[in-house]
Amino acid sequence: MDKFVVSARKYRPASFNDVVGQSSITTTLRNSIVNNHLGHAYLFSGPRGVGKTTCARIFARTINCFNLSEKGEACGECESCKSFNENRSYSIHELDAASNNSVDDIRTLTEQVRIPPQIGSYSSYIIDEVHMLSQSAFNAFLKTLEDPPAHAIFVLATTEKHKIIPTILSRCQIFDFHRIRVEDAVAYLAQIASREALEYEEDALHVIAQKADGAMRDALSIFDQVVSFSGKKITYQEVIKNLNILD
């Protein structure tokens, strides 16, 4: 029996084209890569489940791709892309600031930043939930963020931008992610239902998208729950019954 993989992981976007509802941000990132106008620090802020960390990973993979397309998409076949897809890339580093928020953790990061990438031109450092760094850690991070080595690019992600000190914000290009529109969420859920060979009523997908409140990850979690309840056919009545929603 195959192990079940939740939809949020199974259908996680692998390219800028796959990202749902953030076209202005993905277009800007793609153009910066194609035109070689890369900044050294980016801040992705917005509510949960809208694609901040996903875009950070796609961006980190794309800037090191050896066979970049004309539209700024990674090829997925070069050694850099393969190492990323197989989780063995030493050019992309992820740090969870929720559990690594001390000055010592930042010192370790700044020492690591000096090491050039083994494959590709850039080392990317993705710091998730960056607002949870302590005040001392933020201060320790300032100098590295302002004047990093030429090969280092930082992508900071946060759901609470107002908690980040202004001196950090002033050193970053800031991208504000917005909630996913219901229409975009419905279209993506319909696409996944078709790939999974499921029958569905569009009204049922509308209820799921509205319940998710603009978070695509939440919509996919609700979708999995409804599929477990309804089986191969997702109907409006089954959805409102499963989610305890009044008609």
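Biologist: Among contacts between residues at least 6 apart in sequence, what share joins residues at least 24 apart?
Modeller: In this predicted model, 74% of those contacts in the protein chain join residues at least 24 apart.

Biologist: And how many helices and strands are there in the chain?
Modeller: The protein chain holds eleven helices and seven strands. Its radius of gyration is 20 Å, close to the 18 Å that the globule rule gives for 247 residues, so the chain is as compact as a globular protein of that length. Taken along the principal axes, the C-alpha atoms fill a box of roughly 55 × 40 × 35 Å.

Biologist: How much of it is buried?
Modeller: Of the 247 residues, 47% count as buried, while the chain exposes about 12900 Å², with carbon and sulfur atoms supplying 46% of that area.

Biologist: Why do you call helix α3 largely enclosed?
Modeller: Ten of the eleven residues of α3, which spans residues 52–62, are buried, that is, under 20% relative accessible area, so the helix is largely enclosed by the rest of the structure. Among the buried residues are K52 and R61, along with C55, I58 and F59.

Biologist: What covers them, then?
Modeller: The cover over the buried residues of α3 includes the helices α2 (23–34) and α4 (79–85), together with the strands β1 (41–45), β2 (92–96), β3 (123–128) and β4 (152–158).

Biologist: Switching to charge, how many positive and negative side chains are there?
Modeller: The protein chain has 26 positive and 30 negative side chains, and the centres of the two sets lie 2 Å apart.

Methods:
Residues numbered from 1 in each chain as written. Predicted model: local features only at pLDDT ≥ 70, side-chain atom pairs only at ≥ 80, totals over all residues. Heavy atoms only, no water. Helix = DSSP H or I, 4+ residues; strand = E, 2+ residues; numbered from the N terminus. Rg over C-alpha atoms; globule rule 2.2 N^0.38 Å. Buried < 20%, exposed > 50% of the residue type's maximum accessible area, 1.4 Å probe, protein only. Contact = heavy atoms within 4.5 Å. Areas by Shrake-Rupley, 256 points an atom, 1.4 Å probe, with all protein chains shown as cover. Lys, Arg positive; Asp, Glu negative; His and termini not counted. Charge placed at Lys NZ, Arg CZ, Asp CG, Glu CD.
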